[in-house]
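Q: Can you walk me through this model? I'd like the overall build, then the details.

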Amino acid sequence: MDKQRVHTNPQHYSWLTEQLSPPSPLGAGLGRAFWVGGLICVLGQAIADAGVHWLDMNARAASSLTSITLVFLTALLTGVGVFDKLGKYAGAGSFVPITGFANAMVSPALEFRREGLVLGLGAKLFSIAGPVLVYGIGASVLVGMIYALFFH
Amino acid sequence: MPLKRTGLQTIELPLRPAVCASAAFVGKKEGEGPLGALFDHVAQDELYGQDTFELAEKRLYLDAIRKAILKGGLKPENVQFLLGGDLLNQIITASFSARELGIPFIGLYGACSTMAESLCLGGMLLDGEHASTVVCAASSHFCTAERQYRYPLEFGAQRPPTAQWTVTGAGAAVLSLAPSVPPQAHVVRVCMGRVVDLGVTDANNMGAAMAPAAADTLLALMADTHTRPADYDLIVTGDLGQVGRDLLLQLMREQRMPLEERLHRDCGLMIYDRERQDAHAGGSGCGCSASVLCASLLPALQRGELRRIIFMATGALMSVTSSQQGETIPGIAHAVVLESPKP
């Protein structure tokens, strides 16, 4: 049997695929990420300022209040099925703030609840956020060691 | 003894098994698409009255099979084989449905090519006179496929423009040698495809991964039967989507067997209005070609609006594991030549 009936090679086909596949709209994507991400950050700043001015908090406590509030809001919006639409619209704009982390934890919890509390929710809870935590914490340990050895 | 074969890959079915009835059950988004009015039933939510998405897909599958058998004037005990599959691990939709139907079951996995694969094998079983009535079925469900292959539903990820949207739907067709109702179409020959891989690794561009397999099978069928695309009213692919369709047409031009745009349709492009329904490159999944075939193509053949078509569903044969290990995506395509019962 003629093994190669479609007479072409992977290099040519790869080139062809690139030509015929529409690219992600970079400019529009950047614009949407910028304004949504910026707005989330403004909201965060507003919460922090409110903590300092009205609730008599120090800067550290106000920053914790900001994280907790944003995580709560994202979890709520994920639960009611709104955050995935925001993520689809804004991409990294909705993800780089702490909101992305909250969504990455809550969405598998919702999704895999039906497979049980232990093997479903428990096992899959970190399936998206896990790699970020592993390498985030790993990197901070490494940087901390370098700092302690050479700069202290 | 003469074999019922033509050329290298094509199998002749001289007994011309009839597709005597078919049914398609789909989800809400598909019901809102251009073919919405043609489906037997549109489920109004993703759970379809069940506790899990997997059970919802199984109910779509079972309902489509039962409806097709009923429309064929038959009962499940009259059917000698159920051939079918779906996209889930260990094809649980098909086998769990078979558990309830009590029909001898041949489980198939051809990824999104499953409907064509089951029609090929069902046609051969009938033409070999190993059965007089069989049911062929395939299904997919957006929510079950998403959680198996990609991300949780509520995770806010972006999809590239080349990505396709898994169709929620099931299609079932009853094939018979002696139909008791007026047949919808006849299966006259089939062409079983080879696994073809031109090195695509992007799981978000499955149309590109499958287009070479579609070209390979189509070229085989043309060579084996000494026909050209213009000898058919339509050549319908399963779920190549916009990117895969463009690539198939380009590949066919390069192979000097041009497939004219007006002769080609893709079920993935027929089932959604891509602009209005946010389906990116088009629909995909076993249920895509199965439901479009059963709701749109077979009735058009029955009415005589189409006389002779090639139904060719394509599948991307990767898994989550193979993709994570960096393997390329092999594609497959099986073709079925269907003719109208009208002279």
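Q: What percentage of the 343 residues in chain B is buried?
A: Buried residues make up 59% of chain B. Buried means 20 or more other C-beta atoms within 10 Å of a residue's own, exposed means 12 or fewer, and partly exposed is in between, with C-beta atoms placed from the backbone. Note that this is a predicted model: local features need pLDDT of at least 70, side-chain atom pairs count only at pLDDT 80 or more, and totals for chains, interfaces and linings use all residues. Residues are numbered from 1 along each chain as its sequence is written, while chains are lettered from A and ligands numbered from 1 in the order in which they are written.

Q: And what percentage for chain A?
A: In chain A, 25% of the 152 residues are buried.

Q: What box does chain A fill?
A: Roughly 80 × 45 × 40 Å along the principal axes, going by C-alpha atoms. The C-alpha trace of chain B spans about 55 × 50 × 35 Å.

Q: How many helices and strands are there?
A: Chain A has eight helices and zero strands. Chain B has eleven helices and 15 strands. These are DSSP runs numbered from the N terminus: helices are H or I with at least four residues, strands are E with at least two.

Q: Tell me about helix 2 of chain A. How far does it reach?
A: Helix 2 covers residues 26–54 and reaches 41 Å from its first C-alpha to its last. That is close to the 42 Å expected at 1.5 Å a residue, where the expected span is 1.5 Å times one less than the number of residues.

Q: Which of its residues are buried?
A: Val36(A), Gly37(A), Ile40(A), Ala48(A) and Gly51(A). Their cover includes helix 3 (59–79), helix 4, helix 5 (92–95) and helix 6 of chain A.

Q: What follows that helix?
A: Asp56(A), with a positive phi near 60°.

Q: Switching to the contact between chains. How many residues does it take?
A: It takes 31 residues from chain A and 31 residues from chain B. Two residues are in contact if their C-beta atoms, placed from the backbone, lie within 7 Å. On the chain A side, helix 1 (10–20), helix 4 (83–90) and helix 6 (98–111) each supply at least two residues.

Q: Is Leu82(B) buried or exposed?
A: Leu82(B) is buried, because 26 other C-beta atoms lie within 10 Å. Leu82(B) sits in strand 5 (residues 81–85) of chain B.

Q: What does Leu82(B) contact?
A: Leaving aside neighbours within four places in sequence, Leu82(B) is in contact with Ala98(B), Leu101(B), Ile103(B), Phe105(B), Val135(B) and Ala137(B). The C-alpha atoms of Leu82(B) and Phe105(B) are separated by 4.8 Å.
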